[in-house]
Amino acid sequence: KMELNELQNKLIIGYQNGEVEIFVLDNKKASSVYFFHYHSFPIFNVRFREKDSLIITQSSESSKMIRLKGVGSPVSLEMKRPLTATSDGLKLISADECIIMIWDSKSGEKLRDLLGHNTPIEFCELASNNRHLASFSTDGLMNIWDMNRGKLLLSGVKMAEHITCAR
C-alpha cells in the first residue's frame, strides 16, 4: 500500500517499507528529487506544504516533520503519533503517551503541552475552524480542547465503541 499526495507540481509517495519519495511533475514527466527512509513501518499519510517545503509523514510508529533545505539531505524532526495540523498549516499537533503537544510548524519548536488523559492517546482531530481539538485515548475516552486557550473543555466522554477515526 502507498499513499499519494499531489500539490501543484509535486508528488509525494509513502511506501510500505517506510520510505518516502518526492517527484517533480513537468510536461508529463516525473523526476525523482528526494528519496529518504525515516520510518520502520508503512507510511499511511503524507502531507506537503509548498510555501516552506514542509513534509509530514505518518506511520504507526511515529510522525515526522521534514523540512527540505535546498540541495542535500532533508532535515527531520520526529514527533510521536498521532499527528494533525491546523488548516493553515501553522500548528502541528502530536501526542506522546498521555500528553498532547502543540508545535510551531515553521520553527519546529513546541508551543505547549495539553494534559488530560490517563492512558495513551490514539489520535487527535481538529475542528474545521482550528479552535477545538478532540483527542481519543486507548481507554475509550474523548476530551475536547480549546486550542486558542489550551484549556480542557470537556473531559472523559466515554465512547460506545473503540474509535478509529473522527472528523
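Trainee: Is Asn130 buried or exposed?
Mentor: This is a predicted model, and in it Asn130 lies in the loop between β13 (121–126) and β14 (132–137). Its phi is near 65°, a positive value in a residue other than glycine. Residues under 20% relative accessible area count as buried, and because Asn130 has a relative accessible area of 16%, it is buried.

Trainee: Which residues does the salt-bridge network that includes Asp146 join?
Mentor: Asp146 forms a salt bridge with Arg131, with the closest N and O atoms 3.3 Å apart, and Asp146 lies in strand β15 while Arg131 sits in the loop between β13 and β14, so this pair ties together parts that are 15 residues apart in sequence. Asp146 also forms a salt bridge with Arg149, where the closest N and O atoms are 3.1 Å apart. Asp146 is buried at a relative accessible area of 2%, whereas Arg131 is partly exposed at 38% and Arg149 counts as exposed at 52%. Through shared partners, the network joins Arg131, Asp146 and Arg149.

Trainee: What is the N to O distance in the salt bridge between Lys110 and Asp113?
Mentor: A search of the whole structure finds three salt bridges. In this one, Lys110 is partly exposed with a relative accessible area of 41%, and Asp113 is partly exposed with a relative accessible area of 37%. The side chains of Lys110 and Asp113 meet with an N to O distance of 3.1 Å.

Trainee: Which element gives the largest share of the largest nonpolar core?
Mentor: The largest nonpolar core has eleven residues in all, among them Ile93, Ile100, Leu114, Cys124 and Trp145. The elements that give two or more residues to this core are β10 (91–96), β11 (99–104) and β13. The largest share, three residues, comes from β13.

Trainee: Which strand has the lowest mean pLDDT among the elements of the protein chain?
Mentor: The mean pLDDT of the protein chain is 77, and 78% of its residues reach 70 or more. Over residues 1–7 the pLDDT is below 50, although this stretch has 26 contacts in the model beyond near neighbours in sequence. Where pLDDT is low, the predicted coordinates should not be read in detail. Among the elements, strand β15 (residues 141–146) has the highest mean pLDDT, 92, and the lowest, 42, belongs to strand β1 (residues 3–7).

Definitions and conventions:
Residues are numbered from 1 along each chain as its sequence is written. This is a predicted model: local features need pLDDT of at least 70, side-chain atom pairs count only at pLDDT 80 or more; totals for chains, interfaces and linings use all residues. Side-chain values use heavy atoms; hydrogens and water are left out. pLDDT is the predictor's confidence in each residue, from 0 to 100. Helices (H or I, at least four residues) and strands (E, at least two) are DSSP runs, numbered from the N terminus. Contact means heavy atoms within 4.5 Å. Buried means under 20% relative accessible area, exposed over 50%, partly exposed in between (1.4 Å probe, protein chains only). A nonpolar core is a set of buried Ala, Val, Leu, Ile, Met, Phe, Trp, Tyr and Cys residues joined through side-chain atoms within 4.5 Å. A salt bridge is a side-chain nitrogen of Lys or Arg within 4 Å of a carboxyl oxygen of Asp or Glu.
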